[in-house]
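This report sets out the overall form of a protein and then turns to selected residues. The sequence and structure are shown first.

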Amino acid sequence: MPRQKLTQRADGRYRCKYKGKEFYGETPREAQQKRDEYKRMLDAGIKAESLGLTVKAYAMRWVSTYKAHLTDGPYNTHVRILNRFCDHEGIGLRRMQDIDSIDIQGFYNTAEGKSHSYICDMRDTIKGLFKFALADRVIQHDPTIKAKVPKGKKGSHRAITQRERDLIST
């Protein structure tokens, strides 16, 4: 394999190429590190076209593909949760590979005090998103594994008494 050629641009940054893709850095070492990171991702099985894929782009593609069979209510619940997830601390603008367990845990912590069913929906949506991203070779590891959801409020339901029925009907 030929030796990598580093060139310095007019703006002072350095550039190196690998398989038609260009990598830039303030120093030659920085440009080579970016190239080497790209090589490692390709060797690990990550698809080249998904390396720059943002969380928001993948989430909207995922929900419209894998959740299209749902009725409007559950589908909209998934979309709302994903929108909240993407808006939380700018997660939606970051690459899928850059999301860590701490990001997931931070989002889960925002559900403190919500209902148990909402927290379960939130957990299932986020876990599903990253499970399919792992299967689609968009990410190398699942960041939801170590994240813990908060305990939710469980409502108590009871049947109304005969006295309450009488008060309603009068």
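Residues 24 or more positions apart account for 54% of the contacts in the protein with a separation of 6 or more, a contact being defined as heavy atoms within 4.5 Å. The model is a predicted one, in which local features need pLDDT of at least 70 and side-chain atom pairs count only at pLDDT 80 or more, while totals for chains, interfaces and linings use all residues. Residues are numbered from 1 along each chain as its sequence is written, and side-chain values use heavy atoms, with hydrogens and water left out.

**Overall form**

The protein has six helices and three strands; helices (H or I, at least four residues) and strands (E, at least two) are DSSP runs, numbered from the N terminus. In sequence order the pattern is β-β-β-α-α-α-α-α-α. The radius of gyration is 23 Å, well over the 15 Å that the globule rule gives for 170 residues, so the protein is more spread out than a compact globule. This radius is taken over C-alpha atoms, and the globule rule is 2.2 Å times the number of residues to the power 0.38. The C-alpha trace spans about 90 × 30 × 30 Å along its principal axes.

**Surface and charge**

Of the 170 residues, 30% count as buried. Buried means under 20% relative accessible area, exposed means over 50%, and partly exposed lies in between (1.4 Å probe, protein chains only). The protein exposes about 11100 Å², of which carbon and sulfur atoms supply 51%; accessible areas come from the Shrake-Rupley method with a 1.4 Å probe, and for residues only the protein chains shown count as cover.

There are 34 positive and 21 negative side chains, and the centres of the two sets lie 3 Å apart. Lys and Arg count as positive and Asp and Glu as negative, whereas His and the chain ends are not counted. The place of each charge is taken as NZ of Lys, CZ of Arg, CG of Asp or CD of Glu.

**Asp103 and its surroundings**

Asp103 belongs to helix α4 (residues 101-109) and counts as buried, at 10% relative accessibility. Its side chain makes a polar contact with the side chain of Arg94 at 2.7 Å. A polar contact is a pair of N or O atoms within 3.5 Å; within protein, one must be able to donate a hydrogen and the other to accept it, and residues adjacent in sequence count only if both atoms are side-chain atoms. Apart from neighbours within four places in sequence, Asp103 is in contact with His88, Ile91, Arg94 and Asp98.

**Separated positions**

Thr7 lies in strand β1 (residues 7-8) and is partly exposed, with a relative accessible area of 22%. Not counting residues up to four places away in sequence, Thr7 touches Arg13, Tyr14 and Arg15. The C-alpha atoms of Thr7 and Val55 are separated by 33 Å, with the two residues 48 apart along the chain.

Ala57, found in helix α2 (residues 55-66), counts as partly exposed at 37% relative accessibility. Between the C-alpha atoms of Ala57 and Ala10, 47 residues apart along the chain, the separation is 34 Å.
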